[in-house]
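Colleague: Could you take me through one part of this model up close? I'd like the strand pairing and the charged contacts around it.

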Amino acid sequence: LRMSASRQEWMASVATQLMAPDVDAISVYDVVVATGTTRGSGTSAEVECDILGSRGALKFISLQASQHDFQTGRQDSFQILARDLGDLRAIRLRSDASGHAH
């Protein structure tokens, strides 16, 4: 797989910002959250996640991308660009309970 020069430059910039040694040390994590179908399963609260791996962890990652996230019966996807965490061990989701159920 070859990256275009502009994509390589962008990834190198991200690697620098994340203090990663090189582009190969950067990973894209796809987090998919399926909200239940039971009435009141959705929320407008702030939702965060932690991603735990064999080489480290990312904590307090905000998953709020739009006001339509986490509605009853929906599936929401988020891409997180970060340093390589190694083998993934766990993902924790939490909300601040500030929003309304819907």
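Modeller: Strands here are DSSP runs of E, at least two residues long, numbered from the N terminus, and two of them pair if DSSP finds at least two bridges between them. With that in hand, β2 runs into β3 by a hairpin of two residues. The two strands, residues 47-53 and 56-62, are antiparallel and share five bridges; cysteine 49, for one, is bridged to isoleucine 61 in β3.

Bear in mind that this is a predicted model: local features need pLDDT of at least 70, side-chain atom pairs count only at pLDDT 80 or more, and totals for chains, interfaces and linings use all residues. Numbering starts from 1 along each chain as its sequence is written, and side-chain values use heavy atoms, with hydrogens and water left out.

Now the charges. Taking a salt bridge as a Lys or Arg side-chain nitrogen within 4 Å of an Asp or Glu carboxyl oxygen, you get five of them. Aspartate 50 pairs with arginine 94, with the closest N and O atoms 2.8 Å apart. Because aspartate 50 sits in β2 and arginine 94 in β5, that pair ties together parts 44 residues apart in sequence. Aspartate 50 is buried at 5% relative accessibility, while arginine 94 is partly exposed at 27% (buried is under 20% relative accessible area, exposed over 50%, partly exposed in between, with a 1.4 Å probe and protein chains only). Aspartate 50 also bridges to arginine 92, at 3.8 Å between the closest N and O atoms.

Elsewhere, shared partners join Glu48, Asp50, Arg92 and Arg94 into one network.

Methods:
Helix = DSSP H or I, 4+ residues; strand = E, 2+ residues; numbered from the N terminus.
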